[in-house]
Amino acid sequence: MLKSIKTNSLAIGVLLAATVFTSCKEEVVVEENIAVNVTEAPISSNSFIADPMPKKLISGTSFPTDSLLINKWISNPKYDNVKAGNFENNPDIITHGWDIWHALTAYTGESYDNQKLRRFETWYTPDDIKRALTEQLINEKKVTLKSIQRNRGKLKTPSQFHTGKSITTSTGDIVSFVKYDPSAANHIFDNKLFFESTLNALSESGANFPEIADFPTSGVTLKPVFDPLTEADLAPEKCADCYKISVWPGEQNNPERKFGEDDWNTFVYVTLTGNTDAAKKIYSVNEFINFKADEAIAKSRDIKKGDFLILRAMHVTTREIKRWAWQTFWWSPTPKLPFEPSSNTIADLQPDQLDSAAKHYAMAIAYSMVKPVQPYYGGSGKNANSLYAYNPYLEASFGPYQVIKDNVAIGGTFSTGDQYIQAYGIDQRVGGKLNQFGMQTNCMSCHGQARYIPGITTTDSSSHLYITDQYFDLKAPYFKDAVKLDFTWSIQGNLMDDKAIAASGKESAEVK
């Protein structure tokens, strides 16, 4: 939960109530006028600082890479035929995805709790930003993100697991947080994009398609997903300190079904002190990107301080192009021979410069929704091919609506989003086929639905408008009733009632 740095119990109560668990034209963001003291807030004793993306990637291309170059890759007709598996086959795009993975997983000079930090670990969480915004509201001081006290963050159940009913997600204790690179984090902070008043003002601006200010092209957002190794996972029959975890067994030639971890029936064992023995399906914890829980994380997840958490998966997106560039990663015991939605073509381009743990991750990638790539406006999936890019740990368990009653879809991960689209008579099929399951998704299609709808709370499943792989128009008619969030669901999931927070701070000052 969000905690302000200097508030009394009244202010904290309001903040707790306000906290929620859980895109390209230039437009001025209307902000609430807040009187702030120009005195610089004292800089807290930070444990680590956020390390930005390198300006040069290992393939030699710059970051951010020019959108003209990336769009040239995307529109190359040589790689339009993806019918064999509906997965990306363009080596330029694949290489770029691995470039980004290398940058994210590279060690920095930063450390925390006596543990070296990889680049992505140094980045900001939504709670970091909310803490800084709250400090600014309540204490009326000039605050920067660099001036706040930070830790790793508090891990939460991924928001998509709260959407729909009867979703199989017993993944041990899969938990995650969102991470923003410094430029993306400062964009949210400077434009106050977590404030409800900001989005309400945009909604009332009179624009046909209101939207937040574009993220900078250097912006990167992540959703790393971890699995705590706890006593409940111990498998002493395998070795003294072996922990049993499930691993993705592939689609098994049947992507049209819900296929969550309870159904995988495929396991490996993680040892904290022993060596890897792949023949026995035992892997050293050092074969995973991992960290040890600090006190804050231990309390937030009911685990012990010092317990290992291993990285199982990570969604990664960069704002290098208008519809963002999307890649997703997951741990694999056989990363050189990965299962779908990765491929041998993708694995063969994995760079040697990755360290041993980072090499253990497979990748799926898609920089367009369908192939051939469609225009921003007025395109169609009618004569196109689906391009799938999903993460087994995050989407494979999702299915269509569970019950149909009075022509209303109930309980499915994609039901509400589908209803919004179908209400306008829009054809959701790709090449005549309707994608309905989590293994038929594309990050771009789904995140492109990110929007703020005034009057619908972010805890209401009707605000989670997830869809499967399909083409959508950036000016689809259903966007008129909402504020588009530049493909960033985490804004909708972290909104703050800033007026209530500011009022609580003033009331507290009057009491004193």
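Predicted model: local features only at pLDDT ≥ 70, side-chain atom pairs only at ≥ 80, totals over all residues.
Let us begin with the overall picture. Of its 512 residues, 57% are buried, where buried means under 20% relative accessible area, exposed means over 50%, and partly exposed lies in between (1.4 Å probe, protein chains only). The accessible surface of the protein is about 20,800 Å², and carbon and sulfur atoms account for 49% of that; the areas come from the Shrake-Rupley method with a 1.4 Å probe, and for residues only the protein chains shown count as cover.

Because 11 of its 11 residues are buried, E10 is largely enclosed by the rest of the structure. Strands of a sheet pair through backbone hydrogen bonds, either parallel or antiparallel; for the pairs named here, DSSP must find at least two bridges between the two strands. Strand E5 (residues 220-228) runs antiparallel to E10 and is joined to it by nine bridges, with Val220 partnered by Thr318 of E10. Strand E9 (residues 290-292) is also antiparallel to E10, through three bridges, and here Asn290 stands opposite Ile310. Six bridges then link E10 with strand E11 (residues 325-331), again in the antiparallel sense, and His315 has Thr328 of E11 as its bridge partner. E10 and E11 form a hairpin with six residues between them, and Trp324 in the turn has a positive phi of about 65°.

Now turn to an open sheet of three strands, ordered E6-E7-E8 with mixed pairing. Strand E6 (242-246) and strand E8 (282-284) are at the edges with a single partner strand each, so one side of each has no neighbour in the sheet. From one strand to the next the twist averages 35°, an angle between N-to-C directions on a scale from 0 to 180 degrees, with axes as lines fitted to C-alpha atoms (for helices over the stretch in contact). Strand E7 (residues 267-271) runs parallel to E8, joined by three bridges, and Tyr269 stands opposite Ile282 in E8.

Back to the salt bridges, of which there are 14 by the rule given above. Lys130 and Asp127 meet in one of them, at 3.9 Å from N to O. They are three residues apart in helix H4 (residues 126-139), which means that about one helical turn separates them. Both Lys130 and Asp127 are buried. In another pair, Lys304 and Glu231, the closest N and O atoms are 2.6 Å apart. Lys304 lies in the loop between helix H7 (295-301) and E10, and Glu231 in the loop between E5 and E6, so the pair ties together parts that are 73 residues apart in sequence. Glu231 is exposed, at 56% relative accessible area. Arg429 and Asp427 also form a salt bridge, at 3.0 Å from N to O; Arg429 is partly exposed at 43%, as is Asp427 at 46%.

Finally, a few backbone details in the loops deserve a visit. A cis peptide bond with omega of about -5° joins Phe63 and Pro64, and Pro64 is in the loop between helix H1 (9-18) and helix H2 (67-74). Another cis peptide bond joins Lys371 and Pro372, with omega of about -5°; Pro372 is in the loop between strand E13 (370-371) and strand E14 (385-386). Asn114 has a positive phi near 60°, sits in the loop between strand E1 (107-112) and strand E2 (115-118), and is exposed at 81% relative accessibility. Asp486 has a positive phi of about 50° although it is not a glycine. Asp486 is found in the loop between strand E18 (483-484) and helix H12 (489-492), and at 0% relative accessibility Asp486 is buried.

Definitions and conventions:
Residues numbered from 1 in each chain as written. Heavy atoms only, no water. Helix = DSSP H or I, 4+ residues; strand = E, 2+ residues; numbered from the N terminus. Salt bridge = Lys/Arg side-chain N within 4 Å of Asp/Glu carboxyl O.
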